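My entries follow in the order in which I looked.

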Amino acid sequence: MKVITASMWQVLGRVLGVGLLLGLLVPAGPVAAQTTPAAEAAKLPAAARRAYYQAAFEQRTAQLYAQLNLRASGLPLAVFREGLVGYYNLRPASSPPVLTLIDFSKSSQQKRLWVINVEKAKVLFHTLVAHGKASGADVPVAFSNKDGSEMSSLGFYRTAASTYIGKHGLSLKLVGLDPGFNTNAESRAVVVHGAEYVCEDFVKAHGRLGRSQGCPALPVAETTAIVKTIKGGSVLYLHGPAGTGYHSRWLNVDTAVQAYAGLR
């Protein structure tokens with residue numbers, strides 16, 4: 001293992017200082033595009049280089065969170081960070097720079113779906129979303145990957161390339177990417193679609209949203225715009241409450257940081 005000398009730590013300090021400053025001044029984009037700090041970082045040993053890119057990623061995450069005002073809209077920083085880690089691990093260059101976050105640790109009475117353009121640092125949609133009827137009443141507590149369970153499935157998904165017209169109108173298929181948690185999404189016909197029971201009037205009448213058979217159902221009036229925005233292989237992350245036992249290879253921070261930095 002190569003020892004990091006005092007002079008190397010001085011270089012690292014300069015790199016991190018410049019990198020964090022650029023994180024505040026430069027809009028979304030890979031660290032590799034920031035030529036000056038990247039060139040400095042290249043001089044560092046592997047451990048210090050990793051620390052630099054990790055710091056830049058965390059800085060960018062915090063910056064985006066504040067810039068998008070996500071705390072005020074009810075999205076916890078930890079959930080946003082998890083979604084962003086998965087986004088960088090999963091997003092192919094050809095897909096839209098869009099991350100959809102669903103936080104099913106929240107009440108169905110709350111707007112718990114966010115669609116974010118990561119590159120433009122913009123919240124495109126923030127709205128209601130239903131969970132599966134067997135997952136729970138107002139707040140879902142149970143999740144399943146089994147056919148016929150009528151429960152929601154946690155984890156990361158990739159959206160289909162194109163939409164289709166189903167029994168609920170314009171719809172979008174989802175491909176589950178977490179074995180044991182959501183990989184039966186296609187056979188279960190878990191799709192994004194609109195539903196009349198996803199609206200404020202239903203909440204006022206029943207104290208909760210209506211529930212689906214496991215699909216993340218949306219307000220009818222917003223479905224077309226959301227589906228057209230997120231189609232084409234974008235990343236969707238469905239987060240659940242603590243204690244569900246969810247884990248994922250896509251929450252690997254090291255590989256996400258490499259992708260963010262343009263190193264792979």
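I began with the bridge partner of leucine 101 in β9, which is tyrosine 237. I noted that this is a predicted model, in which local features need pLDDT of at least 70 and side-chain atom pairs count only at pLDDT 80 or more, while totals for chains, interfaces and linings use all residues. Residues are numbered from 1 along each chain as its sequence is written, and side-chain values use heavy atoms, with hydrogens and water left out.

I then followed the strands, taken like the helices from DSSP runs (E, at least two residues, for strands; H or I, at least four, for helices) and numbered from the N terminus. β1 (residues 98-103) and β9 (residues 235-239) run parallel and are joined by five bridges, where pairing requires that DSSP finds at least two bridges between two strands. With β2 (residues 113-117), β1 pairs in the antiparallel sense, again over five bridges, and there I found threonine 100 opposite valine 115.

Next I checked burial, where buried means under 20% relative accessible area, exposed over 50% and partly exposed in between, with a 1.4 Å probe and protein chains only. Both faces of β1 are covered, with Val98, Thr100 and Ile102 buried on one side and Leu99, Leu101 and Asp103 on the other.

Last I turned to helix α6 (residues 220-230), in which Thr223, Ile226, Val227 and Ile230 are buried. These buried residues line one face of the helix, because they fall within an arc of 100° seen down its axis, the arc being that of the directions from the helix axis to the C-beta atoms. On the face turned away from the buried side I noted the exposed residues Ala221 and Lys228. Glycine 232, which follows α6, has a positive phi near 95°.
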